[in-house]
Amino acid sequence: MPFPLQPTLQGRLLELRALQPDDFEALFVAAGDPLIWEQHPESGRYKREVFQKFLDSAIASGGAFAIIERATGRIIGSSRYWNLDLAASEVEIGWTFLERKFWGGTYNTELKRLMIDHALRYVDRVVFIVGETNLRSQKALEKIGAKFLKEVERPSADGVMRRNVVFVIAR
C-alpha cells in the first residue's frame, strides 16, 4: 500500500491538512515572529520574500501540511514529510514550526504523534534532521522519545553545507 504523504490527520487540539498555495497569508502571519527562527539555519524566514521560497518548496515537496488549531480554525504552523525511502523503510519529518504561543509541549507532542503514528503504518522508522545549533528542536525531539542517531552535513537553502543532527523513532 502506498504511503499517503498528505492525509488529513486530526487530534484533540489539531488538524493537519495538505498545505495549499492560498494558505500563504495565514501561514505567513503564523511565521512572522523572528524569535521562531532565531536558532534556525534560515533565521530570516520571518521575512516575506524568504518565507515565499519556504512555502513554494513546501508545496513542491508534496508532503507539507497546514497545522490548524481546531478550537479557532486558524493556521498556526506547518510541518512536512520528506525523503520517503521505501527501500530503507523510512521517512523524514521536518520543516516544522508553530507560533510561539503553542510552544512548550502539548501542541508539538500531538502534532508529532499524529505524523509519527501515520508514518509508522507504512515505514519502520521516522527520522528528524535538525540544525546543530537548534537546541530547542533537539530538546523537543528528545521529549517525544526520539533518539540521537548521528551527525550529518547537508546543504541549506543557500547551498552552504551545514552540520545537522539526526534523531530517529523506530516502530
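**A guided reading of the predicted model**

Helix 3 (106–119) has 14 residues and spans 20 Å between its first and last C-alpha, close to the 20 Å expected at 1.5 Å a residue; the expected span is 1.5 Å times one less than the number of residues. Helices here are DSSP runs of H or I with at least four residues, strands are runs of E with at least two, and both are numbered from the N terminus. The structure is a predicted model, in which local features need pLDDT of at least 70 and side-chain atom pairs count only at pLDDT 80 or more, while totals for chains, interfaces and linings use all residues. Residues are numbered from 1 along each chain as its sequence is written, and side-chain values use heavy atoms, with hydrogens and water left out.

Helix 3 is mostly covered, since 10 of its 14 residues are buried. Buried means under 20% relative accessible area, exposed means over 50%, and partly exposed lies in between (1.4 Å probe, protein chains only). Among the buried residues of helix 3 are Tyr 107, Leu 111, Met 115 and His 118.

The strands form an open sheet of eight, ordered 1-2-3-4-5-6-8-7, with mixed pairing. Strand 1 (9–10) and strand 7 stand at the edges with a single partner strand each, so one side of each has no neighbour in the sheet. Two strands count as paired if DSSP finds at least two bridges between them. In general, such pairing runs through backbone hydrogen bonds and is either parallel or antiparallel. Strand 4 and strand 5 run antiparallel and are joined by six bridges. Asp 85 stands opposite Glu 90 in strand 5.

Glu 90 also takes part in a salt bridge with Arg 125, with 2.7 Å from N to O. Glu 90 lies in strand 5 and Arg 125 in strand 6, so this pair ties together parts that are 35 residues apart in sequence. Glu 90 counts as buried at 16% relative accessibility, whereas Arg 125 is partly exposed at 28%. A salt bridge here is a side-chain nitrogen of Lys or Arg within 4 Å of a carboxyl oxygen of Asp or Glu, and the structure holds 13 of them.

Another salt bridge joins Glu 99 and Arg 74, whose closest N and O atoms are 2.8 Å apart. Glu 99 sits in the loop between strand 5 and helix 3, and Arg 74 in the loop between strand 3 and strand 4, 25 residues apart. Glu 99 is buried, with a relative accessible area of 12%, while Arg 74 is partly exposed at 32%.

The largest pocket holds about 1200 Å³ of space. A pocket is an open set of points on a 1 Å grid over the protein atoms alone where a 1.4 Å probe fits, with protein on both sides within 12 Å along at least five of seven lines; lining residues have an atom within 4 Å of a point. Of its 41 lining residues, His 40, Arg 45, Trp 95, Thr 96 and Asn 134 are the closest to the centre. Elements that give two or more residues to the lining include helix 3, strand 6 and strand 8. Strand 5 supplies the largest share of the lining, seven residues.

Terms used. Grid points are joined across faces, edges and corners, and a volume is the space filled by probe spheres set on the points.
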